[in-house]
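Subject: Structure handover

Hello,

Here is the structure we talked about, passed on for your files. My notes follow below it.

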Amino acid sequence: MIKRVFIIHIILVFHQGIMAQSIFNVVDFGAKGDGIAMNTTAINAAIISCHSKGGGTVYFPPGTFLTGSFEILSNVTLNLEAGAKILASPNLKDYDDLGMSSENRNTSFIWAKKAKNIGITGRGIIDGNDMAFFDPDSLGPEWSVDYSRVRQGKDFKVRLPDGPLMELERPGVLMTFISCENMLFDGVTVQNSPNWSIHLGCCRYVDFNNIKVFNSLLVPNADAIDISQSQHVHIAGCVLIAGDDGIAISPCADGFCDGEATDITVTNCTIESRSAAIRIGWAENSIRNCTFQNLVLNSNRGILINAREGETIENLLFSDLIINTRLHSGWWGKAEPIHISQMPIRANQKKQPLIRNIRFSNILINCEAGILLYAHQPNTIQDVSFDGISMRISSGKFEKFSGGNFDLRPVFDNHFSVFAHDIPAFYFKGVKNLHISGFSLSWKDKMPEYYTNAIYGEDFDGFNLSASSLEMPEDRDIPLVFLQNGSDVSLPENNESITMKNID
């Protein structure tokens with residue numbers, strides 16, 4: 001009996017020794033959590049030691065660890081204890097050059113290349129120190145606007161309190177992961193990013209569980225999660241608040257790597273944004289097989305699908321969503337709860353984009369503009385269905401500054417960028433095979449006169465409308481549904497309030 005207890009004791013001591021060897025406390029490498037000392041050397045040393053000994057956990061105890069850039073190596077997990085904060089340096093010279101660039105982003109704060117089995121976990125915080133790189137008292141410009149084309153003319157401009165702020169010289173992406181595999185982000189909070197927060201480029205097998213992103217709603221490009229040419233990415237139970245896009249899939253990052261974005265799921269998240277809560281496209285490479293379920297979206301645009309570079313975007317499912325959108329000034333988008341557009345980004349662009357097989361179901365919408373489907377080249381948006389959409393449109397405080405316009409940025413010609421246009425509750429142009437069923441529409445207030453029909457469609461091939469309950473804005477003597485220059489139309493039997501012109 002004594003011998004057995006002795007053997008068990010030896011085993012426990014041996015096991016504890018192994019466990020101790022796999023945890024690398026940054027304090028043991030000279031790090032100081034006083035928010036003053038620069039800890040770049042100590043943190044890198046802890047990661048290198050952990051990696052060289054086969055892997056394990058680099059541990060951050062409570063405290064504020066000011067640091068410049070550092071690289072995560074294979075088989076290393078950063079664990080941030082509750083009360084621990086990794087604070088990004090305010091000095092640009094402390095940021096690593098990645099040796100490659102995409103959309104003029106070539107530096108990063110925390111990064112990895114071709115690493116496997118890495119993670120960032122715990123209840124601590126990664127802070128990007130955003131206001132070190134912005135002027136809080138100045139506003140940025142309004143990009144790509146021809147003021148002769150917009151409804152407000154010169155009154156169409158950036159305004160506080162909406163922003164965005166004027167940037168100073170700033171670093172690139174807060175966290176960049178290029179060609180990495182088997183990654184885990186769990187529980188951590190990311191805040192105050194001065195640029196994109198977390199960017200995956202050509203990564204595979206990635207899980208985001210219960211993370212929080214709290215970025216300023218005034219900071220441009222402060223996306224929460226950007227996924228470029230990556231596969232098997234799963235985002236669940238997250239809270240994402242970002243001045244720019246909440247989740248963006250394959251956004252303008254083709255300089256880092258080459259591949260398609262496929263097999264991506266997003267579920268049980270809340271997202272707040274001044275731009276698009278969910279953005280898909282634009283990119284040179286295709287995007288396929290993505291699902292979005294059980295989400296609450298509060299934003300300028302709710303869902304944005306935009307093909308610009310010749311990519312194919314296909315096989316997307318959106319279900320069980322609540323979408324709340326409102327007009328903002330200064331940001332791209334005009335409060336569309338759902339925006340799908342195809343538009344060349346360059347003149348004489350040879351490769352034609354394609355958007356197809358998109359499904360929306362069981363969605364509650366409160367908004368200040370309508371759903372917009374706009375194909376610049378006919379039939380480049382195909383096979384889109386809406387089933388069980390309940391939508392209420394109201395007026396808002398920014399309508400006099402930016403309402404009554406379509407916003408298709410970015411485009412090859414500013415003539416199509418932002419321009420005055422009536423706002424139907426549902427507008428579609430150049431679409432092939434659109435199906436709407438169970439569409440319930442109401443209007444909250446007495447609306448400005450540029451809000452018009454319940455549904456307006458033109459230049460289409462194939463439209464099916466069934467089992468819907470539609471209303472018009474107050475005091476409108478116009479058709480409930482107006483269709484022109486189309487073919488292959490299927491409508492309810494009771495269609496006295498529908499006007500059709502040049503329909504085959």
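Which residues line the second largest cavity? Leu-327, Lys-334, Glu-368, Ala-369, Gly-403, Gly-404, Asn-405, Ile-423 and Tyr-451 do. Please keep in mind throughout that this is a predicted model.

**Cavities**

The search of the whole structure gave two cavities of 30 Å³ or more. The second largest cavity holds about 30 Å³ of space, and its lining divides by class into four nonpolar, three polar and two charged residues.

The largest cavity holds about 80 Å³. Its lining is made of Lys-334, Glu-336, Ala-369, Gly-370, Ile-371, Leu-372, Asn-405, Phe-406, Asp-407, Ile-423, Pro-424 and Tyr-427. Strand S30 (371–375) and strand S32 (405–407) each give at least two residues to the lining of the largest cavity, and S32 has the largest share, with three residues. By class, this lining has seven nonpolar, two polar and three charged residues.

The largest pocket has a volume of about 930 Å³. It is lined by 36 residues, and those closest to its centre are Arg-105, Glu-167, Arg-170, Pro-220 and Asn-221. Strand S8 (105–113), strand S12 (165–167) and strand S26 (301–307) are the elements that supply two or more residues to this lining. The class count for the largest pocket is 15 nonpolar, ten polar and eleven charged.

The second largest pocket has a volume of about 180 Å³. Of the 13 residues that line it, Ser-468, Leu-480, Pro-492, Asn-494 and Ser-497 lie nearest its centre. Seven of the lining residues of the second largest pocket are nonpolar, five are polar and one is charged.

**Cysteines**

How many disulfides does a search of the whole structure find? It finds one, and this disulfide joins Cys-202 to Cys-257 with an S to S distance of 2.4 Å. The two cysteines sit in distant parts of the chain, 55 residues apart. Cys-202 is in the loop between strand S16 (198–201) and strand S17 (204–209), while Cys-257 is in the loop between strand S22 (247–249) and strand S23 (261–273). The link of Cys-202 and Cys-257 is right-handed, with 95° about the S-S bond. Both ends count as buried, because the relative accessible area is 16% for Cys-202 and 14% for Cys-257, against a cut-off of under 20%.

Cys-203 is buried, at 0% relative accessibility.

Cys-290 is also too far from a partner, because the closest cysteine sulfur, in Cys-269, is 14 Å away. Cys-290 is buried as well, with a relative accessible area of 1%.

**Helix H2**

Helix H2 covers residues 40–52. At 1.5 Å a residue, its 13 residues should span 18 Å, and the end C-alpha atoms are 18 Å apart, so the two values agree. The expected span takes 1.5 Å times one less than the number of residues.

Which residues of H2 are buried? They are Thr-40, Ala-42, Ile-43, Ala-46, Ile-47, Ser-49 and Cys-50. An α-helix has 3.6 residues a turn, so residues three or four places apart point the same way. The cover over the buried residues of H2 includes strand S1 (23–25), strand S2 (56–60), strand S3 (63–67), strand S4 (70–71) and strand S5 (76–80). Just after H2, Gly-54 takes a positive phi of about 100°.

**Gln-191**

Gln-191 belongs to strand S15 (residues 189–191). Is this residue buried or exposed? Gln-191 counts as buried, because its relative accessibility is 15%. Leaving out residues up to four places away in sequence, Gln-191 touches Lys-85, Ile-125, Ile-126, Asp-127, Gly-128, Phe-214 and Asn-215.

Regards

Conventions: Residues numbered from 1 in each chain as written. Predicted model: local features only at pLDDT ≥ 70, side-chain atom pairs only at ≥ 80, totals over all residues. Heavy atoms only, no water. Helix = DSSP H or I, 4+ residues; strand = E, 2+ residues; numbered from the N terminus. Buried < 20%, exposed > 50% of the residue type's maximum accessible area, 1.4 Å probe, protein only. Contact = heavy atoms within 4.5 Å. 1 Å grid on protein atoms, 1.4 Å probe; cavity = no way out; pocket = protein on both sides within 12 Å on 5 of 7 lines; lining within 4 Å. Points joined across faces, edges and corners; volume = space filled by probe spheres on them. Nonpolar A, V, L, I, M, F, W, Y, C, P; charged D, E, K, R; others polar. Disulfide = S-S within 2.5 Å.
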